[in-house]
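Reader: I have a structure open and want to learn how to read it. Can we go through it feature by feature?

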Amino acid sequence: MSERPRVTVLGAGSWGTALASLSARNGNPTTLWGRDAEALAGMSASRRNRRYLPDCDLPESLAYQADLGAACADADLLLVVVPSHAFAGLVSEIAGLRPGLDQLAWASKGFEAGSGRFLHEVAAELLGESAACAVVTGPSFAREVVQNLPTAVTVHSPDDDFAQRVAAALHAPTFRAYTGSDLVGAELGGAMKNVLAVATGVADGMGLGLNARAGLITRGLNEMLRLNVAIGGRAETLMGLAGLGDLVLTATGDLSRNRRLGLALGRGHSLDDAVREIGQVVESVQTADEVMRLAERHGVELPISASVRRMLHGDITPREGLQLLLAREQKPEYSAELFG
């Protein structure tokens, strides 16, 4: 194989650390950037991310850099892994430091705060419509990636060559990176599954049983499919890793912050207490609003997502949300337009 690309991962949270660790293990010269210089120095000294992954060893070859300009200067591949609300600000900084930057990948999930835009729309505005953009998404808990446990993700980009380059940098015997070209569907799946994971967590927190969990996952997937078709995504994207795969993992795995939020709400805890106990960004709180705004703009009914939004705003209790869902009229399982 040709010389390995120089990779810079931007964002030293759990997922950024995991992807940087993976890239370094793959033999790519890899730098992990974060805003907290003291935390990065601690990671360099201990080879551990004490805050997010305290019991996971990081590769000796992984480098750390708190200066954004230095981190980006010589990188062949920039991979942004920050919460969605911080995405625009960071990409704007990068664009100023690397004028003419014509490619960017990210593993962030969600919408731009306030505008509700997809992250690929934000990147296109800041870097130009001709820039090659790619999203890394799919069912992947950071801890298991650092522990070298089997994982499969997908890299979507309209630029097939760029998608392949990003996937090749990450692909490994225990980390399969597939490719696709549906940025809209891939980003919708990565964002919307967080909202639906809250719903399944609530049901489990209320002790409603495995039947209820399976029903919510399946009907939640139906909501994802209907909205995806309405906004121009492809159904097959959400039947794969970016949709069904990520939804199942996030809705059933207790490493999921959004599922844990739902569990706490289902057990009667307040939203503030639940978020405080989790101690990390919980994307579903903002994402539920953006999903519903998108649905309303396109005239798509999303009863589960709507109930989650109302619960997160304190308008209804989990029990009232369940009653609203159970009171809905009988109907066909799928609408004709989903699969043609």
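Author: We take the sheet, then the helices, then the aromatic rings. This is a predicted model: local features need pLDDT of at least 70, side-chain atom pairs count only at pLDDT 80 or more, and totals for chains, interfaces and linings use all residues. Residues are numbered from 1 along each chain as its sequence is written, and side-chain values use heavy atoms, with hydrogens and water left out.

Reader: How do I read a sheet, and in which order do the eight strands lie?

Author: Strands of a sheet pair through backbone hydrogen bonds, either parallel or antiparallel. Helices (H or I, at least four residues) and strands (E, at least two) are DSSP runs, numbered from the N terminus. Two strands pair if DSSP finds at least two bridges between them. Here eight strands form an open sheet with mixed pairing, in the order β3-β2-β1-β4-β5-β6-β7-β8.

Reader: In which sense do β5 and β6 pair?

Author: Strand β5 (residues 103-106) pairs with strand β6 (residues 132-137) in the parallel sense, over four bridges. Q103 has A132 in β6 as its bridge partner.

Reader: Which strands does helix α1 lie across?

Author: Helix α1 (residues 14-25) lies across β1 (7-10), β2 (30-33), β4 (77-80) and β8. Its direction runs at about 170° to β2. Axes are lines fitted to C-alpha atoms, for helices over the stretch in contact, and angles run from 0 to 180 degrees between N-to-C directions. Helix α2 (residues 37-46) also packs on the sheet, touching β2 and β3. Contact means heavy atoms within 4.5 Å.

Reader: How do I describe two packed helices, and at what angle do α8 and α9 cross?

Author: Two packed helices are described by the angle between their axes and the distance between the axes. The axes of α8 (residues 183-205) and α9 (residues 210-230) come within 9 Å and cross at roughly 155°. That makes α8 roughly antiparallel to α9. The cut-offs: under 35 degrees is roughly parallel, over 145 roughly antiparallel, 65 to 115 roughly perpendicular, and the rest oblique. The contact includes L188 and M192 of α8 and L216 and L227 of α9. By class, it has eleven nonpolar, five polar and three charged residues. Ala, Val, Leu, Ile, Met, Phe, Trp, Tyr, Cys and Pro count as nonpolar, Asp, Glu, Lys and Arg as charged, and the others, Gly among them, as polar.

Reader: How does α8 pack with α15?

Author: α8 and helix α15 (residues 303-312) pack at about 75°, with their axes 9 Å apart. That makes α8 roughly perpendicular to α15. Among the contact residues are V195 of α8 and V308 of α15. This contact has nine nonpolar, one polar and no charged residues.

Reader: What about rings: how many aromatic pairs are there?

Author: A pair of aromatic rings is described by the distance of the centres and the angle of the planes. Rings of Phe, Tyr and Trp (its six-membered ring) pair if their centres lie within 6.5 Å; planes under 30 degrees apart count as stacked, over 60 as edge-to-face and the rest as tilted. The count is two aromatic pairs. For F87 and W106 the centres are 5.4 Å apart and the planes at 70°, so the pair is edge-to-face. F87 lies in helix α4 (residues 84-97) and W106 in strand β5, so the pair ties together parts 19 residues apart in sequence.
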